[in-house]
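Here's a quick briefing to get you oriented. Have a look at the sequence and the model first, then read on.

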Amino acid sequence: AAGGPMNPERTLTVIQKQVVACGLCPRLRTYCAQVAAEKRRAYRDQEYWGRPVAAFGDPRARVAIIGLAPAAHGANRTGRMFTGDRSGDFLYRALHQTGFASQPESVSREDGMRLSGAWITAPVRCAPPDNKPLPDEIRNCRPYLERELAALPELRVVVVLGQIAMNVYLSILKDRGAIRSRAAFRFRHNVLHEIGPGEPVLLCSYHPSQQNTSTGKLTAEMLRQVFEQAANCSG
């Protein structure tokens, strides 16, 4: 992460423009457009974003948060990561409590939300059917994530939300030669992994999916503790 570009803002802006214009995965593009045209009844009067979703946050972030993919009626509707769905409600509340977000809830791209010291991204930028991206779709999208992480000059901590995010991040590290094997890194909630000199530490968290939060597998307190640890490690 050290010795990154002199102007992370400019680099990150270029990457996000490329993300939004991306057409590498026809299945996902078709699905996002279809959802945007049909809409959910509750959002019938809203214009859906319906395109790949850019990452979002502070170019001087010390903490990067990697999710999974936009929700069909969440970020695919609002055009901003983790915005407009229950996963996002859970995440932004924890980020607000730990000083990373300017407000506790996130309803639209224009709601004034600002992140301080954090960058929110994902391995897949289009909403996938059934929340299940295919392996080749993850591969197509991975370079955007790689380039973003490389463009964050002050990065100290990478928080992965769920096993897929962890696997993608470890594959980036392995291909870069930063780790020899992914097998040494086990996914467990709120567990910190040291990667090596000059590399951000890796912090694991369950994904704030409705399935995890409604069953109590992930509580608001558990998620807050993850970001308290992230704040402590990034100081």
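**Around M166**

Setting aside its neighbours within four places in sequence, M166 is in contact with V160, F185, R186, F187, H193, L202 and C204; contact here means heavy atoms within 4.5 Å. Keep in mind that this is a predicted model, where local features need pLDDT of at least 70, side-chain atom pairs count only at pLDDT 80 or more, and totals for chains, interfaces and linings use all residues. Residues are numbered from 1 along each chain as its sequence is written, and side-chain values use heavy atoms, with hydrogens and water left out.

**The cores**

- M166 is also one of the residues that touch the most other members of the largest nonpolar core, along with I66, V160, Y169 and L202; this core has 37 residues.
- A nonpolar core is a set of buried Ala, Val, Leu, Ile, Met, Phe, Trp, Tyr and Cys residues joined through side-chain atoms within 4.5 Å. Buried means under 20% relative accessible area, exposed over 50%, and partly exposed in between (1.4 Å probe, protein chains only).
- Elements that each supply at least two residues of this core include α2 (26-38), α5 (135-151) and β6 (201-205). Helices (H or I, at least four residues) and strands (E, at least two) are DSSP runs, numbered from the N terminus.
- The biggest giver is α6, with 7 residues in this core.
- Apart from this core lies another, of 30 residues, with W49, L95, L223 and V226 among them.

**Rings**

- The whole structure holds 2 aromatic pairs. Rings of Phe, Tyr and Trp (its six-membered ring) pair if their centres lie within 6.5 Å; planes under 30 degrees apart count as stacked, over 60 as edge-to-face and the rest as tilted.
- F100 and F227 make an edge-to-face pair, at 6.4 Å centre to centre and 70° between the planes. F100 sits in the loop between α4 (86-97) and β3 (118-121) and F227 in helix α8 (residues 220-234), 127 residues apart. Both F100 and F227 are buried.
- F187 and Y206 form a tilted pair, because their ring centres are 6.1 Å apart and their planes are at 50°.
- F187 counts as buried at 18% relative accessibility, while Y206 is partly exposed, at 22%.

**Helix α4**

- In α4, S87, G88, F90, L91, Y92, A94 and L95 are buried.
- Those buried residues pack against β1 (56-57), β2, β3, β4, α7 and α8.
- After α4 comes G99, whose phi is positive, near 85°.
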